[in-house]
Amino acid sequence: MTIDKSWTTIRRRGSSNEFWNGLQHFLQMAKPFVNDRVFIKCPCRRCLNNASHHLEDLESHIFRNGFMFGYNQWIHHGEPATANAGMTVAGPSGGIHERDEMFDVLDDIISEDADEDAVGGPSSNDQYDDLFAALRSELYPGVSSFSSLNFLVKLMYLKVLNKLTNKSFDELLKLLKLAFPKIDLVESHYEAKKLMTKMGLGYSSIHVCKNDCALFWKENSLKDTCHVCLESRWKLQSGKRSGKNVPHKVLRYFPVGPRLKRLFATSKTVKLMRWHSTGKSKDNDVMRHPVDGKSWQEFDKRHPQFASDVRNV
C-alpha cells in the first residue's frame with residue numbers, strides 16, 4: 001500500500017491540510033515504536049533523528065522546523081527496512097483532529113522566528129510546545145469546532161472588547177469550569193496572559209511617576225523617587241512603603257518593532273502593508289491613498305533608498 005510523502009516537502013505548513021494530515025498519519029504510524037520512556041527519534045530539520053523526544057513533542061518540532069531532507073525510508077518510525085523508500089503505510093483515519101484556524105496563526109509566528117534563526121543562528125523555540133498542546137487539546141470532550149487555544153484567544157478578545165477587569169475574567173473562568181467540569185481551560189487571567197505572551201502578544205510594563213512627571217525607564221529604571229518632583233515611586237501606607245513594592249502608575253507599552261514584524265509575517269496583512277507600493281493608482285489625477293499625494297512623493301525623492309523598499313512604512 002502506498003501513500004504520497006510529498007507532504008514532508010511542503011514549505012507553508014500552517015495553511016496546508018495535506019501537511020497536517022500527513023503529519024498525523026506519520027505520528028500514528030510511529031506511536032507503537034516509542035521506547036520505555038515514551039520517547040522516539042525526532043526527524044525534524046533540527047534534530048535530524050539525533051535527538052529523541054516525547055511523541056507529542058514531535059508534532060510541534062516537525063510543524064515548527066519542517067521534516068528533515070533525505071529521510072525517505074522511515075526505519076525509526078515503523079516503516080520496514082526492506083520496504084521501498086518513499087512508500088509508507090497509511091495511518092488510521094480516526095483520531096485526527098480537524099485542522100484548527102489557529103494553525104495559520106502559529107505558522108505565521110513560526111515562520112517569522114525561522115527567518116530570525118536564519119540570520120542570527122538557531123534559537124530555542126520550546127515556548128511553542130505549550131501552544132501546540134493547547135491546540136491539540138479539545139475544548140470539551142466531543143467538541144471538535146474549538147480547540148482549547150482557539151477558545152481562549154476568542155475569550156481574551158471579548159475581554160478586551162468589553163473592557164472586563166482581570167477579576168471579572170477570573171470569575172468567568174471559574175463559572176465555566178463549574179458549569180462544564182471537563183472543559184480544558186486555564187485557571188486564571190494570569191495563566192491566559194502567559195500563554196498569549198508566547199504568541200508574541202505581550203507588552204512591557206513601565207512605572208510612571210504619580211504626577212506624570214517622568215517614566216522610571218532606562219537610566220531612571222532603578223530609582224525609587226521621581227527625579228523631577230521627588231515623589232515616591234511606590235504606594236505608601238502610613239508614610240511607609242508596604243512589604244511589596246506597588247507602583248502608583250504603570251504604563252503598558254506595546255513595542256512597535258515586533259508588531260510591524262508580525263504584520264509583515266502574517267499572510268493576511270502583508271499584502272496590505274505593501275499596498276502603497278504595489279497597488280497605488282496609475283492615474284496621476286486620482287488620489288486614493290496618501291501615497292498619491294505630493295508630500296509622500298516629495299519624501300520618496302529625498303530618501304530614495306528607503307522608498308525603494310516596498311516594505312517601508
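Predicted model: local features only at pLDDT ≥ 70, side-chain atom pairs only at ≥ 80, totals over all residues.

Student: At what angle do helix 5 and helix 6 pack?
Tutor: Helix 5 spans residues 148–161 and helix 6 spans residues 166–179, with axes 11 Å apart. Axes are lines fitted to C-alpha atoms, for helices over the stretch in contact, and angles run from 0 to 180 degrees between N-to-C directions. On that scale, helix 5 and helix 6 pack at about 140°.

Student: What do we call helix 5 relative to helix 6?
Tutor: Under 35 degrees counts as roughly parallel, over 145 as roughly antiparallel, 65 to 115 as roughly perpendicular, and the rest as oblique. Their angle of about 140° therefore makes helix 5 and helix 6 oblique.

Student: Which residues of helix 6 meet helix 5?
Tutor: Contact means heavy atoms within 4.5 Å. Helix 5 brings F151, L155, M156 and K159, and what they meet in helix 6 is N166, F169, L172, L173 and L176.

Student: Are helix 5 and helix 7 oblique or roughly perpendicular?
Tutor: Helix 7 (residues 189–197) and helix 5 have axes that come within 11 Å and cross at roughly 110°. The two helices are therefore roughly perpendicular.

Student: Which residues of helix 7 make that contact?
Tutor: On the helix 5 side you'll find L149, L152, V153, M156 and K159. Their partners in helix 7 are H189, A192, L195 and M196.

Student: How many helices and strands are there in the chain?
Tutor: Both are DSSP runs numbered from the N terminus: helices are H or I, at least four residues, and strands are E, at least two. Counted like that, the chain has twelve helices and seven strands.

Student: Why is helix 2 largely enclosed by the rest of the structure?
Tutor: Buried means under 20% relative accessible area, exposed over 50%, and partly exposed in between (1.4 Å probe, protein chains only). Helix 2 covers residues 55–65, and E59, H61 and F63 are among its buried ones. Helix 2 is largely enclosed because its buried residues number nine of eleven.

Student: Which residue does the side chain of Q24 join in a polar contact?
Tutor: Q24 sits in helix 1 (residues 17–30) and counts as buried because its relative accessibility is 9%. A polar contact is a pair of N or O atoms within 3.5 Å; within protein, one must be able to donate a hydrogen and the other to accept it, and residues adjacent in sequence count only if both atoms are side-chain atoms. At 2.7 Å, the side chain of Q24 joins that of E59.

Student: The side chain of H276 reaches which backbone oxygen at 3.1 Å?
Tutor: Residues are numbered from 1 along each chain as its sequence is written, and side-chain values use heavy atoms, with hydrogens and water left out. H276 lies in helix 10 (residues 275–278), and its side chain reaches the backbone oxygen of M273 at 3.3 Å. At 3.1 Å, the side chain of H276 reaches the backbone oxygen of N312.
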